[in-house]
Structures are given as structure tokens and as C-alpha cells.
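Please look over the sequence and the 3D structure shown here before reading on. The briefing is meant to be read beside them, one topic at a time.

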Amino acid sequence: MAALATFATMAKDHEGNRLHGRSRDGSAGGNDNRDGGIVTERRTKEQTKTKKPPLYKCILLNDDYTPMEFVVEILKQIFYKPHAEATRIMLHVHQNGMGVAGVYPYEIAETKVRTVEELARESQYPLKCVLEKE
Ligand code: TYC
């Protein structure tokens, strides 16, 4: 019995986290009670392998032809901005030449840029949207 307890104490999981022998309920995370009453529990915090992806700003550019209402609709429908914020961003772009519509991981940002320019082209507006790494 002592030998079994020692084994449980020394056991490591596939990430090298030490598993610890225990004889209580098993309510804590990472437990496995298939071992005749010995319950194991992680002592160390589980390592997170996922890194945050680099983020990219979708920047709307001003032009003289795209209607303000069209830009507001783009901000609402593609960038999920509420009406008041969409209007504020549109006016910022109109007055300052450019402005951030949203910030996303690369593939999402790239897809939004394509969608914006596709919708603009369909309506024959010159609206441009570009990416900038944060
Ligand atoms: N400047 C445009 C106008 O006066 C409006 C506009 C705003 C266009 C933002 C593009 O990204 C833009 N109709």
C-alpha cells in the first residue's frame, strides 16, 4: 500500500505536471479516481500552451465619394458596431482621413477588409480598408 501511494505521489502527467496522491472527494480539477481510492490532483497550475495571436487593425480610409450612410452600415454589419459608435467612427474617418474600424487576428481582419471592399465595389464606391499590425 505504501508503495502504491509513493507511485501516485511521483506520477507525472503527459505535460510533466506532478500528480499528487490524495484520499478525499476528487472535486478539484484534473482528478481521476480509477485507482481504488487513490485520487490524484494537479499541484501545479496547468500550463497554457495557447499564445495570443498578433492583432491587426482594420483601418477605414476616407474618400470623397462613398456616402456616409454606406460607411455607417459597413461598420454596423461587418464590424458589429452599434449605430452611435458606427456614426462616431465614420465621422472620425471623414474628418481625419482614417480610423480604426476594429482589431482582430490576421485571418479575420483580412476577411473583413475583403468583404468591405467587395461590398463597396458592388455599389461602385471607392471605399478602402487596410490592415495595420498593432
Ligand atoms: N467623406 C465621405 C463623404 O463626405 C464619407 C466617408 C467617411 C467616406 C468615411 C469614407 O471611410 C469613409 N461622403
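This is a predicted model: local features need pLDDT of at least 70, side-chain atom pairs count only at pLDDT 80 or more; totals for chains, interfaces and linings use all residues.

The protein is built from four helices and five strands, which come along the sequence in the order α-β-β-β-α-α-β-α-β. Of the 134 residues in the protein, 29% are buried.

**Around the ligand**

- The residues around the ligand are L61, N62, D63, T66, M68, V71, M90, V93, H94 and L127, and when this shell is sorted by class, it has six nonpolar, three polar and one charged residues.
- Two helices, α2 (residues 68-77) and α3 (residues 83-96), each supply at least two residues of the shell, and the largest share, three residues, comes from α3.

**Buried residues in two helices**

- A86 is found in helix α3, and it counts as buried because its relative accessibility is 0%, where the cut-off for buried is under 20%.
- Although A86 and E73 are 13 residues apart in sequence, their C-alpha atoms are 7.8 Å apart in space.
- A120 belongs to helix α4, and A120 also has a relative accessibility of 0%, so it counts as buried.
- Along the chain, A120 and V71 are 49 residues apart, while the separation between their C-alpha atoms is 9.2 Å; V71 is also one of the residues around the ligand.

**Positive phi angles in two loops**

- As background, most residues other than glycine have a negative phi.
- Y80 is not a glycine, yet its phi is positive, near 55°; this residue is found in the loop between α2 and α3.
- With a relative accessibility of 64%, Y80 lies above the cut-off of over 50% and therefore counts as exposed.
- Q124 is likewise not a glycine and has a positive phi, of about 60°; its place is the loop between α4 (residues 106-122) and β5 (residues 128-133).
- Q124 counts as exposed because its relative accessible area is 73%.

- L55, V100 and V103 together make a nonpolar surface patch of about 190 Å².
- One of these residues, V103, is placed in strand β4, which spans residues 98-105.

Notes:
Residues are numbered from 1 along each chain as its sequence is written. Side-chain values use heavy atoms; hydrogens and water are left out. Patches are made of residues with over 30% relative accessible area and no salt bridge: like charges are joined within 9 Å, nonpolar side chains (Val, Leu, Ile, Met, Phe, Trp, Tyr) within 5 Å. Accessible areas come from the Shrake-Rupley method with a 1.4 Å probe; for residues, only the protein chains shown count as cover. A salt bridge is a side-chain nitrogen of Lys or Arg within 4 Å of a carboxyl oxygen of Asp or Glu. A residue is near a molecule or strand if one of its heavy atoms lies within 4 Å of it. Ala, Val, Leu, Ile, Met, Phe, Trp, Tyr, Cys and Pro count as nonpolar, Asp, Glu, Lys and Arg as charged, and the others, Gly among them, as polar. Buried means under 20% relative accessible area, exposed over 50%, partly exposed in between (1.4 Å probe, protein chains only).
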